[in-house]
Structure formats: C-alpha cells, structure tokens
Amino acid sequence: MKRSGRLLAVATTVAALAASLAACGGGADATSADGTVTLHVEAWKGGGAEPANIAEINKAFEKAHPKIKVDFTYTTADPTYTQKLQPELLGGKAGDVIMVDADKAKKWGASGYLADLSGESWAKNISPAAKPFAQSGGKTLAMPMELIGIGLYANMDLLKKAGITEVPADWPTFLADLAKVKKAGITPLSLPDKAGWTGSSVFQASGSTTVYRKNTKWDADFLAGKTSFAADWKEPLAQLKALGDRGYVNWKDELGVDEWSQGAQDFSAGKSAFWYQGAWQVSQIKKAGFPVSFAPWPGGAAGTKPNAMLFSGTMWGVNSQSQHADAAKEYVTFWSRSANLAKYLDAEHAASPFTGGTTPEATETSVFNAAFKEGRYRVLPSNTWYGTQAETDTGSKIQAYLLGQSSAAQTLKDIQTAATAK
C-alpha cells in the first residue's frame, strides 16, 4: 500500500546511495571510548510532512538509556527508501534498526537481513490481526507499530450546508447525501487517482463490507482456489462506476490529480464534501480549521454498518548484521510499550497492533474507531495476494475500466491475474 512519494531524479538517487554506502551503518562498530553506543535507525517516516512524533520518542529513549545515542536517518518513502536500503543491506551498511512493512519484512527476512525477534517480550502480545504481517517462516521478524485505517473523510461544515448532520454509514444513504451536496452547489466527492492508488483502495474498502461481511475467510478461500474475483467482487466495481455515472465523480479529471499531494491540498481548501485517503492525513487536515470526520467506506446495504479497512503499516526490524543487536532490540522493545507507542499512534491516528494496547481517541476518528472496537474491520492482505505489485496492477486495471477501456468482466479477470501472479 503506497503511502506517498514520487520518483526522484536518477542523479539524486545515485548521490543518495553513494552517501549512504559511505556512512557508518549496522555492519560497523559505533561505540565511543566511554562505552556509549551510537544506534543507527533508518525510516521513511519521522521527517518531511510526516514527523509522526518519532523525534520525541527517540529523545525519550535516549533519556532512558544514557549510554545509547540514536542517529536517526529519514528517507522519502518508496521507491526512494527501498532504492537506498537495498544496496546498504547488501553491503552491510544499513542501520541497526530499519523501518519495514509487510512486503519488506517478507523479502528482506527471506534474504537473511532481519534478525529473528521471536523471543522478545513483546512478540507474544502482537494481536492476531497484526501477527501475520510481522511473521514469516514461523519467525517474528518485525515489531508492528500500527494498524492504520483507510477510509472516507467528510467536511462536516459543507455537509451541514446541505442539511446533512452525520457521515453516511451505508451505500444508499451515501448516494442520497452525494445528491444533496451536489444540489447545494458543492462538489460532492474527490477521488484523485493519478497513480491508481485511490481506485484500487476504494475497491478494497468497498469489498471489506460487501465481500468480507458475507465471508470473513475470503482470503483463505481465494488462496485455496475456492472462490474468485469474478464471483464475489462485482459490487465494489459497480460502486466505483456508479459514482461516475451519477455525476458525483469525473473520473477523467480525477485520474490526472495526484492523490498524495494535490488531493490533500484540495480537500484542505474545502473543495469537496467527501474525500478518500488514509488516517495518517488527519493531523494535516485538522490544520484546515473545519470539523472533519474520518469513517469507513459506506458500502453496505441500507441500514447496515460498514466494516472498516485497515492496513498493516510501519514496523521496526533489527538488522541481522548489526554490531549492536542488544541495543537495537532494546530500542524496539521501548517502542512496543504502550506509553511510548501511543505518541506515534496519536500522530498517525492509528490503532494499536498489540493485544491490550492503547488506541488513541480523537473526535475526528471516533466513527472509524468504533468500527474497530466492535470488531467490524478487515486488514488488507498485503502479506499474501495484495502485495505491492498486485496493488499497482489492480490500480491500473481499474483506471482502464473507469475510462471505458475495459469491461467489468475483463477487469475482474485482470485483477485475478494480478492477485495470483508470482
């Protein structure tokens, strides 16, 4: 699941790689004469537009561990982060602690780059929903930092102007509200989809209710060849098409708008009543000054409550080549404690990945969090059939469908192919 970012110039990337390989990394000793250890930590969050309180947590760690100094390196999200880390890992120069996601944990774990953390105290407390993403080959290779929601944003001031007092919870109500907003002269819904992420994600968010409500074991059945997209995913695709057919979304325009930068700017400027994105944007949107509500995609039948969709986001892994494995593991353990992790979860507006963990409360996310607490949620299977490449391919196939270049039947067939590709 792409969080943000665009390709940088090749020259810039090459320069960054050269600089990183020259730096002191996990494969080199970094202990001063007085015994102070310098711990190198690398991440794609903690800087730029997503500081996520990481600097605050690092400062607290150093205070609690005066003999460990944290040398933190922030790198822009993929593809830049992977382009930087891959050669560092290969050359034994990567950080002692590195940020990973489910896809990276699986790939880098299989290559032997990540230490086995199965014996750490926090490992047994990972929630059942988060555990599959942190483990591979029977080993715990990373500490999950969050389960983060992706859903529908609503500008409550604009809804009020159209006579709407709450975020819709089902598909018929959503369509009726979009009609009211449009009649009031307000742009109903923004679904920027230049990179194909939004269309693919809304498709999954709708399916989280329309597909998984009927069969909570759909992923296992699909992997076992017992079901298919053609059999079960017609409704999510139909919902995307209906939004365009009814004039609530102009797909030709939306496919030219960047979902990571321009989309957020436009919604913050009050240009639409509804918008679709991840919960990590809540902190930024709040700065716009209008009341906002973040809720699950309202895809179900009239009178039903929707399932929320979450993503297994960032995780901490320990470099298997680290010369300071004990300090690295202590850093990860520090993050696993509720009081410390809560600072990150609060910034991300995410749920705790630990059984009994603390999930921060906020007015903006109360509707979404209620679904999570009630068990009405599904976590994207980014560790199985919905990996990075499948997500990208699904997005492009849905774009073609929304532009009228492919039929619904062919699109579902193409998505099936993407999900089963090795």
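Why does Ser-293 count as buried? Its relative accessibility is 9%, and buried means under 20% relative accessible area, with exposed being over 50% and partly exposed in between (1.4 Å probe, protein chains only). The model behind this is a predicted one, where local features need pLDDT of at least 70, side-chain atom pairs count only at pLDDT 80 or more, and totals for chains, interfaces and linings use all residues. Residues are numbered from 1 along each chain as its sequence is written, and side-chain values use heavy atoms, with hydrogens and water left out.

Ser-293 sits in strand 10; helices (H or I, at least four residues) and strands (E, at least two) are DSSP runs, numbered from the N terminus. In a regular strand the side chains alternate between the two faces of the sheet. Strand 10 is covered on both faces, with Val-292 and Phe-294 buried on one side and Ser-293 and Ala-295 buried on the other. Strand 10 also pairs with strand 7, antiparallel and over four bridges; for a pair, DSSP has to find at least two bridges between the strands. Ser-293 is the bridge partner of Ala-154. Leaving aside residues up to four places away in sequence, Ser-293 touches Leu-152, Tyr-153, Ala-154, Met-156, Val-167, Glu-364 and Val-367, where contact means heavy atoms within 4.5 Å.

After helix 17 comes Gly-375, with a positive phi near 80°.

Elsewhere, five strands make an open sheet of mixed pairing, ordered 2-1-3-12-6. Strand 2 (68-74) and strand 6 (143-144) are at the edges with a single partner strand each, so one side of each has no neighbour in the sheet. Strand 1 (residues 37-43) and strand 3 (residues 97-100) run parallel and share two bridges, and Glu-42 stands opposite Ile-98 in strand 3.

Helix 4 (residues 102-110) has Ala-102, Lys-104, Ala-105, Trp-108 and Gly-109 buried. These cover an arc of only 160° around the axis, which puts them on the same side of helix 4. Lys-107 and Ala-110 are exposed on the face turned away from that buried side. The buried residues pack against helix 3, strand 3, helix 5 (131-134) and strand 12 (315-318). Just after helix 4, Gly-112 has a positive phi of about 85°.

As for aromatics, the whole structure holds 33 pairs; rings of Phe, Tyr and Trp (its six-membered ring) pair if their centres lie within 6.5 Å, and planes under 30 degrees apart count as stacked, over 60 as edge-to-face and the rest as tilted. Trp-197 and Trp-260 are a tilted pair, because their ring centres are 4.8 Å apart and their planes at 50°. Trp-197 is in helix 8 (residues 197-210) and Trp-260 in the loop between helix 12 (251-254) and helix 13 (262-268), so the pair ties together parts 63 residues apart in sequence.

How values were computed. Arc of directions from axis to C-beta.
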